[in-house]
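Q: Hi, could you walk me through this model? I'd like to chat about its strands, helices and pockets.

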Amino acid sequence: MKAIRIHDFGGPEQLRLEEIDCPAPGPGEVLIHNRAAGVNPIDWKTCSGGGASSFIDALPFCPGWEFAGTVEALGEGVEQFRSGDEVLGFIKFPQPAGCYAEYLIAPADQVCLRPAALDPVSAAGLGLAGLTAWQALFEAGELKSGQNVLVLAAAGGVGHLAAQLAKWKGAHLIGTASGTNKAFLQSLGCDDVIDYTRQQVENLIHDADLIIDGVGGEAAIKALECLNPHGRMVTLPSVTAAEVIAAGEAKGLKVSGIRARPDAAQLHDLAMLASSGKVMLNISDSLPLDQAAEAHRLSAQGHIRGKLVLSVR
């Protein structure tokens, strides 16, 4: 089978399309004939030696944690799937999962059936960003209907899903993005859109119940001024999470970080919302597997609206 692998940490030029042996499923696992794999910032950060690289025991490493494909074979004890089932998954994170490949091994309990109305490319991009948004809003953020929610970087992969899920839950929704994304954010349900290139959000908003921070660093620290005294922020970028949390504590505010975890039940709920049109995953581009390096270059530029996906077959 073909797979994208790195043999040394570095930039996109380290990604190679190689022929490797097809794996076999063990107990509790399924072999997936892959159709598409989502691309996320954590992928290129890990390949460069950051991100989740500390969880890689040895190189070579095949990136990717989310996929959509077909169940090819079942390991011992797997009874919830049959060969030929169309499925999607966000798997093993932060341990290596190897989704940039024609075949992959997935824990059966981290996989769910793909609704027929949800195409494989969209399904492949839903896992990491969707579950990050879901867990940030409904677990760490404890979102309730009627609350004021501010999403920083609301046009991004996590941001545009968090915006839609917050609106679905009944929130009053404010999103930040560049001015070119104003119409896009309005289409997601944003009641107010703030152009961060021209306006300072901390000067405009002071009653947010919940902030989903997709920016981190100094921008997130300034945005703490937007919270009401009983509000909370969930900061997503792990590299600046500690300093943002410390800044919140100094102000007596609730700030927490989050690392998305696989959850097949939540992913199935997301897939059903996406298949019914209640949540839309915006695909910025779909590239073939052998253009994984270009996908990493695009992702690293930081201006992707929605998600990038690799089409495997």
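**Strands, helices and a pocket**

A: Happy to! This is a predicted model, and I'd start with strand S11 (residues 208–213), which is largely enclosed by the rest of the structure because five of its six residues are buried.

Q: Nice. Which strands does S11 pair with, and in what sense?

A: There are four bridges between S8 and S11, in the parallel sense. S11 is also joined to S12 by five bridges, and those two run parallel as well.

Q: Which residue in S11 is the bridge partner of Val 151?

A: That's Ile 212. For the pairing with S12, look at Ile 211, whose bridge partner there is Met 233.

Q: And how does the chain cross from S11 to S12?

A: Through helix H6 (residues 217–223), in a β-α-β crossover that is right-handed.

Q: OK, over to S9. Is strand S9 mostly covered or mostly open?

A: Mostly covered: S9 spans residues 172–177, and five of its six residues are buried.

Q: What does S9 pair with?

A: Strand S8 (residues 148–152) pairs with S9 in the parallel sense over four bridges. S9 also pairs with strand S10 (residues 192–195), again parallel and over four bridges.

Q: Which helices sit in the β-α-β units with S9?

A: Helix H4 (residues 157–168) makes a right-handed unit together with S8 and S9. Helix H5 (residues 182–188) makes a right-handed unit with S9 and S10.

Q: Switching to helices. Why is H3 described as largely enclosed?

A: Because eleven of the 14 residues of helix H3 (residues 127–140) are buried. Among them are Gly 127, Trp 134, Gln 135 and Leu 137.

Q: Now the second largest pocket. How much space lies in it?

A: About 230 Å³.

Q: Which residues lie nearest its centre?

A: The second largest pocket has a lining of 16 residues, and Met 1, Cys 62, Ala 97, Gly 98 and Leu 104 lie nearest its centre.

Q: Which strands supply at least two residues of that lining?

A: Strand S1 (2–5) and strand S6 (103–107) each do. S6 gives the largest share, with three residues.

Q: And how does the lining divide into nonpolar, polar and charged?

A: For the second largest pocket it's 13 nonpolar, one polar and two charged.

Q: What does the side chain of His 296 make a polar contact with?

A: With the side chain of Tyr 100, at 3.0 Å.

Q: Last one: where is Pro 237?

A: Pro 237 lies in the loop between strand S12 (227–235) and helix H7 (241–250).

Q: Why does Pro 237 count as buried?

A: Its relative accessibility is 17%, and the cut-off for buried is under 20%.

Q: How far is the C-alpha atom of Pro 237 from that of Glu 102?

A: The two C-alpha atoms are separated by 30 Å, and the residues are 135 apart along the chain.

Terms used
Residues numbered from 1 in each chain as written. Predicted model: local features only at pLDDT ≥ 70, side-chain atom pairs only at ≥ 80, totals over all residues. Heavy atoms only, no water. 1 Å grid on protein atoms, 1.4 Å probe; cavity = no way out; pocket = protein on both sides within 12 Å on 5 of 7 lines; lining within 4 Å. Points joined across faces, edges and corners; volume = space filled by probe spheres on them. Nonpolar A, V, L, I, M, F, W, Y, C, P; charged D, E, K, R; others polar. Buried < 20%, exposed > 50% of the residue type's maximum accessible area, 1.4 Å probe, protein only. Pairing = 2+ DSSP bridges. Right-handed = clockwise from strand over helix to strand, strands pointing away. Polar contact = N/O pair within 3.5 Å; in protein donor to acceptor, adjacent residues only side chain to side chain.
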